[in-house]
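Please keep the sequence and the structure in view while reading.

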Amino acid sequence: MEVEYVTLVCDDVPNDVVLVRPGIRVLDVAQVVRRLTGLSLRRSKVLVDQAPALILAGVPEEAAELALTALRQAGALAEIQQRPGPLFPGPAA
């Protein structure tokens, strides 16, 4: 019996949006986080106060870029981090 390994290639690598610093307009940033995540304003404010914080996890690149733009327009410092791809074992030796 022959063992074969297949590597999956995805067109869109999942991305994480990380809030690094909220800046001076904390409530504006909390409102953007609320809009992006669906959390209440209170929970969004707590998340913003705990920066650096993961805002969105595993989103497509286009959605991550839109979220990053919205956070930066509110005065926050945010970044996109690509998730590493899955590690597949090689063929058995």
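Which residues on the other side of H1 are exposed? They are Leu27 and Arg35. Before going further, some ground rules apply. The model is predicted, so local features need pLDDT of at least 70 and side-chain atom pairs count only at pLDDT 80 or more, while totals for chains, interfaces and linings use all residues. Residues are numbered from 1 along each chain as its sequence is written, and side-chain values use heavy atoms, with hydrogens and water left out.

The protein chain holds 3 helices and 3 strands. Helices (H or I, at least four residues) and strands (E, at least two) are DSSP runs, numbered from the N terminus. Read from the N terminus on, the elements follow the order β-α-α-β-α-β. The chain has 93 residues, and 27% of them count as buried. Here buried means under 20% relative accessible area, exposed means over 50%, and partly exposed lies in between (1.4 Å probe, protein chains only). The chain exposes about 6,700 Å², of which carbon and sulfur atoms supply 55%; accessible areas come from the Shrake-Rupley method with a 1.4 Å probe, and for residues only the protein chains shown count as cover. A contact means heavy atoms within 4.5 Å. Among contacts between residues at least 6 apart in sequence, 70% join residues at least 24 apart.

The 3 strands form an open sheet in the order S2-S1-S3, with antiparallel pairing. Two strands pair if DSSP finds at least two bridges between them. S2 and S3 are the edge strands, each pairing on one side only. On average, neighbouring strands of this sheet are turned by 20 degrees against each other, direction ignored. For such angles, axes are lines fitted to C-alpha atoms, for helices over the stretch in contact, and angles run from 0 to 180 degrees between N-to-C directions. S1 and S2 run antiparallel and are joined by 4 bridges.

Asn15 is found in S1, and its bridge partner in S2 is Val59. Asn15 is buried, with a relative accessible area of 2%. Leaving aside neighbours within four places in sequence, its contacts include Leu56, Val59, Ala64 and Ile80.

Now return to H1. Its 12 residues should span 16 Å at 1.5 Å a residue, and its end C-alpha atoms are 16 Å apart, which agrees. The expected span of a helix is 1.5 Å times one less than its number of residues. The buried residues of H1 are Val29, Ala30, Val32 and Val33. They cover an arc of only 160 degrees around the axis, which puts them on the same side of H1. The arc is that of the directions from the helix axis to the C-beta atoms. An α-helix has 3.6 residues a turn, so residues three or four places apart point the same way. The buried residues of H1 pack against S1, H2, S2 and H3. Just after H1, Gly38 takes a positive phi of about 85 degrees.

Helix H2 contains Val48, which counts as buried at 0% relative accessibility. Apart from neighbours within four places in sequence, Val48 is in contact with Leu19, Pro22, Val26, Val29, Ala30 and Val33. Val48 and Arg21 are 27 residues apart in sequence, yet 8.0 Å apart in space, C-alpha to C-alpha. In the loop between H2 and S2 lies Pro52. A cis peptide bond joins Ala51 and Pro52, with omega about 5 degrees.

What remains is H3, residues 61-73. This helix has 13 residues and reaches 18 Å from its first C-alpha to its last, close to the 18 Å expected. Its buried residues are Ala64, Ala67, Leu68, Ala70 and Leu71. They cover an arc of only 165 degrees around the axis, which puts them on the same side of H3. On the other side of H3, Glu62, Leu66 and Gln73 are exposed. The cover over the buried residues of H3 includes S1, H1, S2 and S3. H3 lies across S1, S2 and S3, and runs at about 165 degrees to S3. After H3 comes Gly75, whose phi is positive, near 105 degrees.
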